[in-house]
Amino acid sequence: MKNFFLTLICVIGMITVSTSQCSTYQIYESFTSTLPTQGGTWTANSMITSTTSVRTGTHAIGFNGSGDWIRTPQITSPGVLTFWYRRSTNSTAWTLNIQTSPDATTWTTRGSITAVTTTYQQYTLNIGALSLTNVFIRLIDARVSGAQERYVDDLAITSTTTSVNTLLPIIGACSQTLNSSLTYSLSDDGGPAGPTSTGYSNSVDRTITLTPSDNTKKLQLNFSQLNLETSYDYLYIYDGANTSATLLATLNGSTIPSAITAENAAGQLTIRFTSDISNVGAWGGFLAAITSVTVCTTPTNGGTLSTNKSTTTVNDAVSLTTAGNDGSITKIEWSYDNFTTIANTVTAPTNPYNIQLNVQQSNIYFRTTSKAGTCPSGVSDIVNITLKSAPTYSSGIVDGDHITNVTFGDLNNTSTNDGDAYSDYTSIISNVTKGEPYNLSVTAANTLNPGQGYAAWIDWNGDDTFQTSENVLLKSTANSTSQLITIPSDASTGDVIMRVLTVWNATPNIDAYYSVGYGYGEIEEYTIRISNPTSLPVELTQFEAVAYPHWNVVKWTTASEQNSDYFSLESSTDGETWREIAKRPAAGNSTQDINYSWIDYTQKELTYYRLVQFDIDGKFEVYGPISVGKTTSKKVVKYINLLGQEINPLTTTGLVIEVYSDGTTKKVIR
């Protein structure tokens, strides 16, 4: 195990650093396949790098012959030199001399190693006690003969004055003031040499506070490497002089964050690194550049936050979208009391951000924080979503007390006990037309007689709230029930929600949000797509699906379009329950052939497709269904119409049924 160091390395020029609490080091630890170059040029004679005899990191330096040496850049006021050494299994004696020189020409031996050891041993030499300044340091193989390797690794040099390649060991708490004109590197004790295999020490808890020398600037961290053992080792970044300051970031795993900038008046950052008792796996640590940046004073525009649903129910999903912000969204916050307190925060969210509202709260408030570079954060307007809770069930589903089937229009969904009292089936769509009658049928499994009571509501006006006037089914206990429902002529055109509810041994309340609750039962919700009775002015000349080895290609062609808005492509595995898989913009107005297509990568043994075309007024028309199976060697043996009569496909238009050699069929519109 290595001694822990939190390295702070200046990579340009000389620095002026306060050392009241932190010792400073030059370090060239955990060599890679090439010699390090930080702080000047290293030189070497003949020696090699080895990957099989390392103490830590990825490589060790190998001396494989008399006269091999490795030499550091010139060191200002060197202090204590430390490194680890060992030999190979051969017992030939070895002398390693440690030398210094003011000019890299005249060398003086300051110490020697003659021990024969096959395990790594640490060597320490206090060069600083010799009062040397501006010297080169060389390790030279002084044996007279022998080709066996002798290894050196983890070399570090303390410096009595600060210079390039300063390293800060963290013991308890440590603080440093950084020259605001320079760029530094911050790393774990594995050092900056290795990309992902350098590693870091176990069982550490170290903290450092950094302050810019220019109090008009702010410190900023830009990570180039982050590789910490997931769920066990953490890097915490605080906005201020200690760990009581605001926590800006908690870093873990391998996702490199965006730039992290101090927001406090002094521009300080406090960094805390913790690791557990074992680093399991090749976790490499972290490496970040530290710069002092000028902070702008104009807050970032928080943008406009919007939601696809202002009123919905518990367990439903909503989508939050921001627009118009001139920075990137750094976090989404939500609250139950209009931000007197914050309930939760998501950092670096996607746009749009989707969230399932599975909390029992009447109102949830959302806002986003946006940030551009070092500008102060901007906050969006607050969005309030009202939750219309589903009736509570004191016992939920038990054994067979659940809905087993709902049929309405072209909706026919069979379900099983999923373990809770609410099932979101809004991805299943039933297409209906204003003024037309449709039968709603509901069946439930029952643990005991007398069975389940039934209720249903359809949100006819599309306001995301079920009114008592929108109750379309209310029946007493039975094993199943049905109700003929005529779609109102003044119903909202487009997609609305239908809620179906059952309760054991009782007739449900007419209120869809019945606060008293029920004993046993279930709620299921579906999407009802309402269209006007008139047909759409779109002439469809082709609608077919072709199977390939790993996907299906669905194609359709229009000969003309007028005021067309978009096409919704739906799929089904049974020809009864449909889910939307694609939405394609339509041409609007056209008198020419237009070809559309979609690749469906979720290929099944047999897939049904239907096409729903919407115009700009919300009217729609359904085409299909058609079906296609996975690619086989079967071929078409004949073409028939709906009456089973064989036809000539070259002279027939409209719906044609292809009959294959294995007896399967496929419907194609020509």
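How many bridges join strand β8 (residues 96–101) to β9, and do they run parallel or antiparallel?

Guide: Five bridges join β8 to β9, and the two strands run antiparallel. Before we go further, a word on what you're looking at: this is a predicted model, where local features need pLDDT of at least 70 and side-chain atom pairs count only at pLDDT 80 or more, while totals for chains, interfaces and linings use all residues. Residues are numbered from 1 along each chain as its sequence is written, and side-chain values use heavy atoms, with hydrogens and water left out.

Strands here are DSSP runs of E with at least two residues, just as helices are runs of H or I with at least four, and both are numbered from the N terminus. Two strands pair if DSSP finds at least two bridges between them. For a residue-level view of our pair, find L96: its bridge partner in β9 is I113.

An open sheet of five strands runs in the order β3-β6-β11-β8-β9, with antiparallel pairing. Its edge strands are β3 (43–45) and β9 (108–113), each of which pairs on one side only. From one strand to the next, the twist averages 15°; angles like this run from 0 to 180 degrees between N-to-C directions, using axes that are lines fitted to C-alpha atoms (for helices, over the stretch in contact). In general, strands of a sheet pair through backbone hydrogen bonds, either parallel or antiparallel.

Stay by β11 (136–141) for a moment, in the loop between β10 (121–126) and β11, and look for S131. S131 isn't a glycine, yet it has a positive phi of about 60°. With 64% relative accessibility, S131 counts as exposed. On that scale, exposed means over 50% relative accessible area, buried means under 20%, and partly exposed is in between (1.4 Å probe, protein chains only).

There's also a charge to spot at W107: the charged end of R138 sits over the ring of W107, 4.3 Å from its centre. To count, CZ of Arg or NZ of Lys has to be within 6 Å of the ring centre and within 35 degrees of the ring normal. K583 does this too, with its charged end over the ring of Y566, 4.9 Å from the centre.

Next stop, another strand: β18 (residues 234–239). Five of its six residues are buried, so β18 is largely enclosed by the rest of the structure. β18 pairs with strand β21 (residues 269–274) in the antiparallel sense, over five bridges, and there you'll see Y236 opposite R272. β18 also pairs with strand β19 (residues 246–251), again antiparallel and through five bridges, and here I237 has A249 as its bridge partner. β18 and β19 form a hairpin with six residues between them, and in that turn G240 has a positive phi of about 155°.

Last, hop along to β40 and β41. W504 and Y520 make an edge-to-face aromatic pair, 6.2 Å centre to centre with 75° between the planes. W504 is in strand β40 (residues 494–504) and Y520 in strand β41 (residues 518–531), so the pair ties together parts that are 16 residues apart in sequence. Rings of Phe, Tyr and Trp (its six-membered ring) pair if their centres lie within 6.5 Å; planes under 30 degrees apart are stacked, over 60 edge-to-face, and the rest tilted. W504 is partly exposed at 25% relative accessible area, and Y520 is partly exposed too, at 30%. By the ring rule, the count comes to 17 aromatic pairs, and ring pairs also link Y393, Y514 and Y518 into a cluster.

In the loop between β40 and β41 sits N505, a residue other than glycine with a positive phi near 60°. N505 is partly exposed, at 41% relative accessible area. Within β41 you'll find E525, which is buried, at 3%. The E525 side chain makes a polar contact with the side chain of R499 (2.8 Å). Such a contact is a pair of N or O atoms within 3.5 Å; within protein, one must be able to donate a hydrogen and the other to accept it, and residues adjacent in sequence count only if both atoms are side-chain atoms.
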